[in-house]
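Please read them with the structure open beside you.

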Amino acid sequence: MIMRLNVVTLFVVLLTVARSSSAYDFLMPSDPIIAIDVDTPQTTPVSNYPGGEAPAKLIDGFYGSISVGNKYLNFGKAGTGFIVTPNGGASAIQSFTIWTANDQANRDPSSYEIWGTNDAIVSAEHSAGLGGEAWSFVSSGALSLPDTRNATSPVVSFTNASAYTSYKVIFPSIKNNSANSLQISELDAYTSNDATGTEVFAAGSPIRAMGVAFESNTPGGEGVANVINQDAATKYLNFGKDNTGFIVTPSYGSTVLNQFRITTANDAPERDPGSWILYGTNDAIKSRNHSHGDAEAWVPIDSGNLSLPTDRLTVSDPVTVNNTTAYTSYKLVFPTLRDSGAADSMQIGEIAFISPDDMVLQVNRQTGAASFEAAVSTTFKSYQVLSANGGFTGTGWTSIATTNADPDDAWAQTSPAGSHDTIAEEDTPTGANNGITIGSGNSYSVGTIWRILPTTFEDAFLTATGVDDAPIAVSVQYVGTPIPLGDYSGNGTVGPEDWPTFRAGYGGIYENVSLADAYLGGDLDGDFDSDLDDFNIFVNAAGGMGSLFGNQVPEPSSLVFLFGVVAGGLVMHRARRQARAIAVIAVAGLVASLTGSSTNAQSYTNVGNSPVGITIPTGQLNETETSGPEHFFDDTYLDDTPTTINDELFLLDYNDPNLNCPTCLQYAGQGGDPKTIFFDYGSQVSANWFAYSQRSGADPTADRVGKFEFWFSNTDFGGEVPVTPADAVVNILPTDSRLRDSVLRPYSLSGDRTGQYVAMRLTVSALSSNQGVNNIGGHEFRLLSGPGDVILQVDRSNGAMTLMNHLGNAQAIEMKSYKIESPLGGLDPVEFNGLRGDSIDFPAGNGTGNGWEIGGGSNAKRLVEGYFNGLSTLPTGTAGLSLGNAYNEELETEDLVFTWTNAAGELYDARVEYVGIGPNLPGDYNSDGIVDSADYVIWRKDPGSHGGDPDGYNTWRANFGLNGSGSGLGSSSGVPEPGVCVCVAVAGLLALCARGRSKFDRTVA
């Protein structure tokens, strides 16, 4: 039996390093940073050239078309080059040009390094050029060789005053790594900086090929810049393993570094650094990315061992650095890893370099009051406080400009009035222009600037400049009791006192607002809306059902830990798109973790288990040889007993790193086009549900399936995709959190489906549309036999909505909240009455959460209702719970999706059925809900605008007598002949003015 763990997969992916501390983190995302590996290069020869294209060809004096194909070519590709000892003796080269070879522009070098030595050359042909000579760095940089063949490059010049007897030239990169070699026709080096004067590399000089394999290597998307982008969900990974690191040049300028903190990456603790060595320099950085980082003079500063947390995406304790000297650049190397034998790389999520503060902006969490606290006497002439999350109140700011706190200067506010993301002012040229000074140990209040927000929203970032325009070491520090997610009152706990605020925005859809604005409107998962996921998070932040019925509420600290991380992805300077993606990763795991056994949870049994045959259409490809659709049934544990599937639904997450299922592979079809899979079950099966888990992987927005279509038949499909309409269609909206995890979940087929052969077509979700490549698929799939659907019946004629649970095999269910969605905006919140008071099982709340209450954010695209501190049972046989006339029948969207949740946080879909005839009837040309003589008058006046002649008349004739309720006009409603209709034209014209009340006249909140 496979062990399953219901782990809270919040992926603390959210937790990032905020700058809220008592010391200044002087690294910024824009700081120049490069990856390095200080290991000695691999000594295994990588250099290899054809006999007729040896390195001597590049200094033989034959250029371009004079000798087509006369070139130096090396199959070692990037990292190859040459060592040459000019016959003319020592010289100081300061420029060079390169002639391109005769073909294959993708083989051209795209960067260079030049090193010099006065030692005798002992490195052998095809070696790494490290035979024992002492090499001094001369220059490095990018190359821009023309794609034209047999042509010269622009002059590459640099400053060099040192003369050397031998030079080593390395080409670390080429234009295209897919090329099979590096090649150049000729390289001319000169003692001048403009490619004139003495040419140093002459024909006949000793020259040998060399090649170096640099170990530093980062995959796409996990480059070294991620280590300072203030987004712990991304990481820096280097396959060089031991002795890798980075060089960074803080834009802050020369700085004393005396502490650093590391945030662990998302997975694989064995990759964590195990020790460190820090160096400093005031030289300009010349080392290139992925080099050894030794092109500068580095001063060793300090070193030590690391004991990083084994928890992922967790900030380490500060590491103290024994240093009192300021440097313009720092090199940090990690000589060892936590477990180098088990690791394939080194990785860290984020790093902070800490310098002592001169001044701190202290913010009180409970009151929002803030003040500058000076550690030393500090003079500044401007400051700016930023909050990417929009955490400022927009009011309550006590500026220097408005209080005249600096009487001999004129200060001006430079941030927009009422801004939630910026507070800034400066000393203008008027007056003494000497800034304002806060003495050591003193403070200055800037008023009540901060909203009551969860601790994970604390992203305020302060910068200040002195009178000399130099930056001042400053930071932000929050004080007071930590505020957990959902604590709108700021008292440190989540409870009934917070429900009215959450309910006021529940159901809202938020665009073009800050993360803080969305949160204050009920968005707890950071995806810019308030839906069932947010409701479940809020309920569980309040302690879950046990607490709401009188059990103990968890301590604030545990709430901060468990629920606060959900919003941790909302840290400073994160792009809104990133914040949205990060938050939904968390809610997927959180909502999964909230599920559990429920008294009236739905129950299911497997149908057919593994089919006897699984195929795909001819021409449809799998992503790889090991990603075929047979892997939909790899986890045979799901087939062990009839009850197993119930044990695993909502709990089994194939993205859980602790999952013990080594054989659980997944299906992935190549490309983002729809994928069809044919199943032969060997005999007839019947199902009304199916279980599915989306693909696992690091990106929760890639490869998501948003639409399922099913065909059932007792005749083999013959490998052909059916052209008939699908028997069942299941759409998962892009906003649905179930798209963003790999949890095994049930989905309804909206009726009983029977057949030996089943075709399933998968279509990629719009959620994944921004991906460069999608290979859609999933982990596990099973047909299920389950309860009859809960049904939302919608009357087209008047918009009435009725909830039913009356099918023959229905099960009584627990219901705690539900939502009705219409992507096209086909709902009417004004007419939405909800379940409140419909029966004794659905009591109406009074605003305190003691019964069913409609979410105040309900709108034309989403209606919500919930029972905060209780739940209701929807018994079998329920046939008519009215929700009001909340469908806007005049829009005829017919796109409604009904989803409900129980106390365990499990999400289910109800079937939506439409009955009756809508007001926009065929032949009802005046839109009054009746097809009558007045419509004939409209058609006769302009036949072409209503289907043309005679189609418009025939449509009217075929539907004459129908009204919006689906009934006719009575026994005398025979269709009159055209002549008769002319006689009633006047009556028809009057009927045009007698249109019924339109829902478009309503004010929709």
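1. T618 is exposed, with a relative accessible area of 84%, where exposed means over 50%, buried under 20% and partly exposed in between, for a 1.4 Å probe and protein chains only. T618 lies in the loop between β35 (613-615) and α8 (644-648); helices (H or I, at least four residues) and strands (E, at least two) are DSSP runs, numbered from the N terminus. Although T618 and G719 are 101 residues apart in sequence, their C-alpha atoms are 7.1 Å apart in space.

2. Before going further, please keep in mind that this is a predicted model, in which local features need pLDDT of at least 70 and side-chain atom pairs count only at pLDDT 80 or more, while totals for chains, interfaces and linings use all residues. Residues are numbered from 1 along each chain as its sequence is written, and side-chain values use heavy atoms, with hydrogens and water left out.

3. Helix α4 (residues 532-541) has ten of its ten residues buried, so it is largely enclosed by the rest of the structure; among them are F535, I537 and F538. Just after α4, G543 takes a positive phi of about 105°.

4. An open sheet is formed by four strands in the order β28-β29-β27-β32, with antiparallel pairing, two strands being counted as paired if DSSP finds at least two bridges between them. β28 (409-413) and β32 (461-465) stand at the edges with a single partner strand each, so one side of each is left without a neighbour in the sheet. The strand β28 is joined to β29 (residues 422-431) by four bridges, and the two run antiparallel; A412 has E426 in β29 as its bridge partner.

5. The second largest pocket has a volume of about 470 Å³, a pocket being an open set of points on a 1 Å grid over the protein atoms alone, with protein on both sides within 12 Å along at least five of seven lines, and lining residues having an atom within 4 Å of a point. Of the 24 residues that line this second largest pocket, V729, V730, N731, L896 and V897 are the closest to its centre. Which strand gives the most to the lining of the second largest pocket? That strand is β51, with five residues.

Conventions
1 Å grid on protein atoms, 1.4 Å probe; cavity = no way out; pocket = protein on both sides within 12 Å on 5 of 7 lines; lining within 4 Å. Points joined across faces, edges and corners; volume = space filled by probe spheres on them.
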